[in-house]
Amino acid sequence: MEFMMQNSLPSDLKNHYDANGYYFPLPVLDETELQELQRSFFEFYDKNEGTTAISGAAGSISDPIGDSFVRALGLSSGGPPENIGGGRGDSRA
Amino acid sequence: MAAVEAILGHDLLIWGSRWFTKMPGDTTYISWHQDATYWALNPPQVTTAWVALSESGPENGCMRVLPGSHKGGLMPQIDTYAADNALSRGQEIAAEVDESEALDLVLRPGEMSLHHIGIVHGSQVNHSLKPRIGIAIRYITPAVVQETHEKPVAVLAQGLDTYGNFELLPPPDDSGIDLQEIQSTAARRMMKSILPGKRN
């Protein structure tokens, strides 16, 4: 999210979103953040035998690491990337 | 967060998050649907940030949207419980969707898209040799109410919550709080609120 702040928001973001219901692409992770999160993701994925699921039907993923990921992204008030693991989630899309 | 703030305003809650992972050979897909149909969140001050950790394009099953469909109201939806459908109920719009109108939200690693709770969206199978990995983070304003018997939970992302419509969970930190317990509570309440027959 720091990356986004440094790259200022597109001026048409809100108007485009309101008119069309979506907006993309928006850069949010710099290379260092991305690599760290990819490493963390695969570490968890491999440790859990190729799944991020803790319940649900095939491919219906409850998200045990989502909260920590959110924190790692700086999207919550939890601060900068630290530990990845644990968290909460749901089974929606 | 700045992009989400530009759309929803300064006061923001995180209602949930979910990984969407399609590895090569994975046969899962996501049928056309509208989140608003089954999330029971009103008013629709809800946006999803979909953050890509891998390339996400048509060849590996990126998210697709029908632009402007959030303005058309809710379409009828059926629960199929299809085995390879990654949605919790296999929910699917019960009407013909004109796929020629669909737009691929192509993302590079480290980029995100935002989409409205009412937009028609879905994704196809990963037909490539590349993984497709992303996480969806659901943001809402504190003014949103979720119709559920048990008080729903959320995390304050920034600003203030003067409404009290959600039980605010502590943000993840390293204080030693049992995250698995918090996760279990949150997941149970959410599943009760969105799955049929689990409202009570």
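Biologist: Which residues does B:Tyr139 touch, not counting residues up to four places away in sequence?

Modeller: This is a predicted model. In it, B:Tyr139 touches B:Val4, B:Leu8, B:Leu12, B:Ile14, B:Val46, B:Thr47, B:Ala49 and B:Ala157. B:Tyr139 is also, with B:Leu13, one of the residues with the most contacts inside the largest nonpolar core, which has 54 residues.

Biologist: Which residue is the bridge partner of B:Thr47 in strand 11 of chain B?

Modeller: The partner of B:Thr47 there is B:Tyr139.

Biologist: What makes strand 4 and strand 11 of chain B a pair?

Modeller: Two strands pair if there are at least two bridges between them. Strand 4 (residues 46-52) and strand 11 (residues 132-140) of chain B are joined by seven bridges, so they are a pair, and they run antiparallel.

Biologist: How do you know that strand 1 of chain B pairs with strand 11 and strand 13 of chain B?

Modeller: The cut-off is again at least two bridges. Strand 1 of chain B has nine bridges to strand 11 of chain B and three to strand 13 (residues 153-158) of chain B, so both count as pairs. Both pairings are antiparallel. In strand 11 of chain B, B:Ala136 stands opposite B:Arg18; in strand 13 of chain B, B:Gln158 stands opposite B:Leu12.

Biologist: Why is strand 1 of chain B called mostly covered?

Modeller: A residue is buried if 20 or more other C-beta atoms lie within 10 Å of its own. In strand 1 (residues 12-22) of chain B, 11 of 11 residues are buried, so the strand is called mostly covered.

Biologist: What is the order of the strands in the open sheet?

Modeller: Seven strands form the open sheet in the order 1(A)-9(B)-4(B)-11(B)-1(B)-13(B)-14(B), with mixed pairing.

Biologist: Why are strand 1 of chain A and strand 14 of chain B called edge strands?

Modeller: Strand 1 (22-27) of chain A and strand 14 (167-169) of chain B each pair on one side only. Helix 2 (residues 13-20) of chain A packs on this sheet and touches strand 1 of chain A together with strand 9 (111-116) of chain B.

Biologist: How do you know whether B:His121 is buried or exposed?

Modeller: The cut-off for buried is 20 or more other C-beta atoms within 10 Å. B:His121 has 28 of them, so B:His121 is buried. B:His121 lies in strand 10 (residues 121-123) of chain B. Leaving aside its neighbours within four places in sequence, B:His121 is in contact with B:Met63, B:Arg64, B:Val65 and B:His115.

Biologist: How does the span of helix 3 of chain A compare with what is expected?

Modeller: Helix 3 (residues 31-47) of chain A has 17 residues and reaches 24 Å from its first C-alpha to its last, close to the 24 Å expected at 1.5 Å a residue.

Notes
Residues numbered from 1 in each chain as written. Chains lettered and ligands numbered in written order. Predicted model: local features only at pLDDT ≥ 70, side-chain atom pairs only at ≥ 80, totals over all residues. Helix = DSSP H or I, 4+ residues; strand = E, 2+ residues; numbered from the N terminus. Buried ≥ 20, exposed ≤ 12 C-beta atoms within 10 Å, placed from the backbone. Contact = placed C-beta atoms within 7 Å. Axes fitted to C-alpha atoms, helices over the stretch in contact; angles between N-to-C directions. Core = buried A, V, L, I, M, F, W, Y, C linked by C-beta atoms within 7 Å. Expected span 1.5 Å × (residues − 1).
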